[in-house]
Amino acid sequence: MLRDDDPSGAVFLRTNWQVQGYLQEQADVVEKNGSAASLNGFEIVLQQLRKLAPELHRVHFLSYLNSLSHDDYIAALENLHCYFDYSAGTEGLDFIPPAGSTSFGRYEVALLCLGMMHFHFGHPKLALEVLTEAVRVSQQQSNDTCLAYTLAAISNLLFENGISSTARLLGSSYSLFTSIGISLSVQQQLFVLLRGSLKRAESLKLKRLVASNHLAMAKFDLTHVQRPLLSFGPKTSMKLSTCPVNVCKELRLSFHLISDFCSESSAMTIDGAFSTAWIRNLPKPTGSLILCPENGSGSSSSNVSQFCAQPASIPGSVMQVLGSSYLLRATAWELYGSTPLARINALVHATCFADASSSSDTALAYVKLIQHLAVFKGYKEAFSALKIAEEKFLSVSKSQILVLKLQLLHDHALHRGHLKLAQKLCDELGVLASPTTGVDMNLKTEASLRHARTLLAANQFREAAAVAHSLFCMCYKYNLQVENASVLLLLAEIHKKSGNAVLGLPYALASLSFCQSFNLDLLKASATLTLAELWLSLGSSHATRALNLIHGAFPMILGHGGLELRSRAYIVEAKCYLSDTNFNIFDNYEIVIDSLSQASDELQLLEFHELEAEAFYLMAMVYNKLGQLEKREEAAASFQKHILALQNNKNEDEPLVSVL
């Protein structure tokens, strides 16, 4: 029993069950809100608990979680060591003791937690060494549950960091391959680990881990082309591409968790199920100052019956897994090119799972929705929504909202022609990609792509190509094949704009090949559009071929493309018509004018001066051929306005502080 002093002077005693429930409730708060909670304020409460009840070793683990959420490496390491020194990992963790185990403590669990801590702080190689040792100890101790979680942790580590050197990683469980001299790539090791972790979780009936592994398999199938593990034997023809059906299957299997989560075995139920519900439903006594069975037995029994009769709700961890599946669905549909489905899944997460999910997951859902607004509605609405998101997520770890803000500002600066500001924003993104907690490969790739685009907008073609080539090599090294499709397309655009259309064709075709392999339908439509522009650059004799390519990509572009992609398609279509010697401008000028008018209207929302100037220039040419001088002068005036705005913005040096 713990003494609790009320501000009114009353004294209450708290049972061990209630304190355990409070600790579990606070752990959920730390997991959900992360660094939003006060580090020192909560630590003071935990210090008081340690003094009053030193036998509650779980308090040390909660201090570790609190330090971890605030990126305090020294305090997190110290609290983690204290927890396992005092409790030997036998209290408060969701593990079942292995059958027949005679050793005291859980060294393998300590290694698992230490490895995850190193992973959180951006030490992937050190984390991999610790987790590999955890695999060995788990196998020695026959702790299949810890082994399943450790394999899942290693899989996540390999997926996020793409470590190229992973010798002796798979251990004795997969010695079949190493014993016959087969060297597995990181991708193949990751696939073997994912399958092994999934099978172990299914055999141990760890439902939440099963659901998480299905999500990991879906993420793997989304971005990796599966190849056979063995390189000998009969050669069978196989299509080297991802399989969206497998992704949908794994996502659907993860949803089985909501129907059978209660069958998962958990050591936490020993201390009392629904401990947080007990706290919510147990009112403080009004007559007696001491909570005990002898005083007020009638009310106590009614409270207990009320607690026991309460219907079981879905645990927060289950809701988090389900919410993560909707985020992964949104990501999958973004890659596959279905904009409405991507938006719907992000909206479902933000609407239905915001209360149960962590702040970072909820922020990611908001990021996806704001990006959709910027692409389809323009920057005005996107920045309005961003302001709301900034107020809602004031302190999200590794702020995704800040990254989104820099991305939107960079796009806006490029469209308006603020090249100096765009370069400063690129530098800020590069700083965020390499914090003290480790390098974020995805963000580093994003920053390099934007740096190359900025150089391209400044007509520094050689420098832009050098950055893009370096980025391609980095993506190849870390097996970022989906990103390579965008890099190849960027190289094609660099050669197109520099006047070397022949050199750009192989890059555009290679990008198309990547898009087909990974089912990147919307990016494929964009690559097809670039390929059409390259053919058109080779002369008017290729206008018909370019027009056929554009019309083949039109259903995807008009159905799922954003403002910029649609406008580009309209302008290139008009250029194809004007370049075709068989096209009669006097009989079919409405087709060209309608396309250019549609493009100028949509580009106005983006303030894309360069493309708008091109659209009005083509309009002026058409009206000049038709002899409509008044409309020609009007289009020419609009062309001049955008050209002057572009030139003025290039010479401006807007301070970054005022923009941020």
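Me: Where is the place of Glu607?
Reply: In this predicted model, Glu607 sits in the loop between α28 and α29.

Me: What is phi of Glu607?
Reply: Phi of Glu607 is near 55°, which is a positive value in a residue other than glycine.

Me: And is Glu607 buried, exposed or partly exposed?
Reply: Glu607 counts as partly exposed, because its relative accessibility is 29% and that class runs between the 20% limit for buried and the 50% limit for exposed.

Me: Which other residue has a positive phi, and in which loop?
Reply: Asn459 is one of them: its phi is near 60°, again a positive value in a residue other than glycine. Asn459 is placed in the loop between α21 (441-457) and α22 (461-477). With a relative accessible area of 42%, Asn459 is partly exposed.

Me: Back to α28 and α29. At what angle do the axes cross?
Reply: The axes of α28 and α29 cross at roughly 155° and come within 9 Å. The two helices are therefore roughly antiparallel, since angles over 145 degrees are counted that way.

Me: Is the crossing of α28 and α29 left-handed or right-handed?
Reply: The crossing of α28 and α29 is left-handed.

Me: Which residues make the contact?
Reply: From α28 the contact uses Tyr589, Val592, Ile593, Leu596, Ser597, Ser600, Leu603 and Gln604. On the α29 side are Leu611, Glu612, Ala615, Phe616, Leu618, Met619, Val622, Tyr623 and Leu626.

Me: What about α17 and α19, are they roughly parallel or antiparallel?
Reply: Helix α17 (residues 359-376) and helix α19 (residues 400-416) have axes that come within 9 Å and cross at roughly 15°. They are therefore roughly parallel to each other. The crossing of α17 past α19 is right-handed.

Me: Which residues meet there?
Reply: Ser360, Ala363, Leu364, Val367, Ile370, Gln371 and Ala374 in α17 meet Gln400, Ile401, Leu404, Gln407 and Leu408 in α19.

Me: Changing topic: how many residues are in the largest nonpolar core, and which touch the most other members?
Reply: The largest nonpolar core has 50 residues, and those touching the most other members are Ile550, Ile571, Cys576, Val592 and Leu596. Two or more residues come from each of α23 (481-497), α24 (501-517), α25 (521-537), α26 (543-560), α27 (563-579), α28 (589-606) and α29 (609-626).

Me: What is Ile550 in contact with?
Reply: Leaving aside neighbours within four places in sequence, Ile550 is in contact with Leu529, Ala532, Ala569, Val572, Glu573 and Cys576.

Me: How far apart are Ser470 and Ser448?
Reply: Ser470 and Ser448 are 9.0 Å apart in space, C-alpha to C-alpha, and 22 residues apart in sequence. Ser470 lies in helix α22 and counts as partly exposed at 48% relative accessibility.

Me: Now the overall picture. How many helices and strands does the protein have?
Reply: The protein has 31 helices and two strands. Of its 660 residues, 47% are buried.

Me: What does the accessible surface come to?
Reply: The accessible surface of the protein comes to about 31700 Å², and 56% of it belongs to carbon and sulfur atoms.

Me: And what share of contacts joins residues at least 24 apart?
Reply: Among contacts between residues at least 6 apart in sequence, 67% join residues at least 24 apart.

Methods. Residues numbered from 1 in each chain as written. Predicted model: local features only at pLDDT ≥ 70, side-chain atom pairs only at ≥ 80, totals over all residues. Heavy atoms only, no water. Core = buried A, V, L, I, M, F, W, Y, C linked by side-chain atoms within 4.5 Å. Buried < 20%, exposed > 50% of the residue type's maximum accessible area, 1.4 Å probe, protein only. Helix = DSSP H or I, 4+ residues; strand = E, 2+ residues; numbered from the N terminus. Contact = heavy atoms within 4.5 Å. Areas by Shrake-Rupley, 256 points an atom, 1.4 Å probe, with all protein chains shown as cover. Axes fitted to C-alpha atoms, helices over the stretch in contact; angles between N-to-C directions. Parallel < 35°, antiparallel > 145°, perpendicular 65-115°, else oblique. Left-handed = near helix turned anticlockwise from the far one by under 90°.
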